[in-house]
Amino acid sequence: DGTRDIDGEVKIKDAQFETGVLPKMVSKEDIFAKVSGSSVNAVINSFETGRTKLSGKIYMPDIARHDLNFTIAAQYLDVDDLYPLQEKRKFIPTGSGSITVKNGRFLNLDIESFRADVLMGKEGITLKPMTFINNQGIVSGGLIYYMDTASGDKPLFFADFKIDGWDAEKILKDIGAKEKIVSGRVNASFELTAKRGREDILGGLNGYGKAESKDGILWRFVLMSKIFSIVNIISINELLSEGLPYRELKGNFIIKDGVLSTEDLTLDSSSMRMSAIGSINMAKRTVDAKLGLHPFVTVDSIITKIPLAGWIIGGKEKSTLSMYYEVKGNLNNPDVEAVPVKSIGSGILGIFQRILEAPLEIIKPLIK
């Protein structure tokens, strides 16, 4: 670029300006830079944009190449202050460094103790290895954010995460739950991509993952109240007044364009076993699923209380039974209806049978 060697110092304090890259105005900065030849050493004592507050050091060995080495520490970092990067910019910085964040916010999740090694290239920014704490759980993995100039049909980002010890009750509250649903410590792993050019990131998510929680509590909430109001086999007040302890809650998931689906979400407790097959639209906050319920009680004591539409006798004398429900509508207050076995379909029924352990030879005549 024909850049000439320059020697000197630059100090900036309490100015407001736009960077041409970040979406928000920069303010309250305190920056000292020393220029020597074609290199720059900068010390950032303070730098604020939106709610983000950070400091650090940046070394640029060759101004013309826009190559950076950096160490950034943030008291608080909100991704909304940094994304989306402006589409038109004169250069794309490259280089490597590290970022630490005391507290921050990402995808509506509060995070703390964030740490990542960063590699910046022409096509994107890689953060790996990356760790942070969210809802008392440790999240580790990596993230690649692709620049809008990246070649090919690149997504907005690719992420792979492993989660150890998430607080289930708190994470559900973070994503919009209005009441207590379930507690427990969650272990999970996910791989996710997000489509570029969407204002709602959730609606553009794709990927897959699995999650499990052990030794938690299922609380009384709208969905459970509606299920037990249909068939009062076990009093909902008695069963869930202090929460239903469970041994294990687990499932595998696929996410396509913001719709999370599962075929094996299962809850196992000493009182009952439940399983769900269906989907949740995360952006629209709607649910469309079928739920199987297998209470550990005997038929002879409750047969008079069961509507014929929604149960299967699963044995001979003193046999247990399974019931099936359709759950549709707004995630916060869905419609729940007991459904006849013949309307479920043999494919879905087979999945339920394997999970709930209803004998297949008893189910087949009912399908016919």
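Gln136 lies in the loop between E8 and E9, where helices (H or I, at least four residues) and strands (E, at least two) are DSSP runs numbered from the N terminus. The structure is a predicted model, in which local features need pLDDT of at least 70 and side-chain atom pairs count only at pLDDT 80 or more, while totals for chains, interfaces and linings use all residues. Residues are numbered from 1 along each chain as its sequence is written, and side-chain values use heavy atoms, with hydrogens and water left out.

The backbone of this region was examined next. Most residues other than glycine have a negative phi, and most peptide bonds are trans. Gln136, although not a glycine, has a positive phi of about 70°. Asn135 is not a glycine either, and its phi is positive at about 50°. Asn135 is placed in the loop between E8 and strand E9 (137-146). Asn135 is buried because its relative accessible area is 15%, whereas Gln136 counts as partly exposed because its relative accessibility is 47%. A cis peptide bond, with omega of about -5°, joins Lys128 and Pro129. Pro129 is found in strand E8 (residues 124-134).

Asn206 lies in strand E12 (residues 205-218) and counts as buried, because its relative accessibility is 17%. Two polar contacts of its side chain are described here; a polar contact is a pair of N or O atoms within 3.5 Å, where within protein one must be able to donate a hydrogen and the other to accept it, and residues adjacent in sequence count only if both atoms are side-chain atoms. The side chain of Asn206 reaches the backbone oxygen of Gly204 at 3.4 Å. When neighbours within four places in sequence are left aside, Asn206 is in contact (heavy atoms within 4.5 Å) with Glu191, Leu192, Thr193, Lys195, Ile255, Lys256 and Asp257.

Side chains of opposite charge can pair when their charged atoms come close. A salt bridge is defined as a side-chain nitrogen of Lys or Arg within 4 Å of a carboxyl oxygen of Asp or Glu, and by this rule the count comes to nine salt bridges. One of these joins the side chains of Arg51 and Asp78, at 3.3 Å from N to O. Arg51 lies in the loop between strand E3 (39-49) and strand E4 (52-60), and Asp78 lies in strand E5 (residues 67-78), so the pair ties together parts that are 27 residues apart in sequence. Arg51 is partly exposed, with a relative accessible area of 47%, while Asp78 is buried at 8% relative accessibility.

A salt bridge also links the side chains of Arg105 and Asp110, at 2.5 Å from N to O. Arg105 is partly exposed, with a relative accessible area of 26%, and Asp110 counts as partly exposed at 41% relative accessibility.

The side chains of Arg247 and Asp268 meet in a further salt bridge, at 3.4 Å from N to O. Arg247 lies in strand E13 (residues 244-256) and Asp268 in strand E14 (residues 259-268), so this pair ties together parts that are 21 residues apart in sequence. Salt bridges that share partners join Arg247, Asp268 and Arg273 into one network.

Terms used
Buried means under 20% relative accessible area, exposed over 50%, partly exposed in between (1.4 Å probe, protein chains only).
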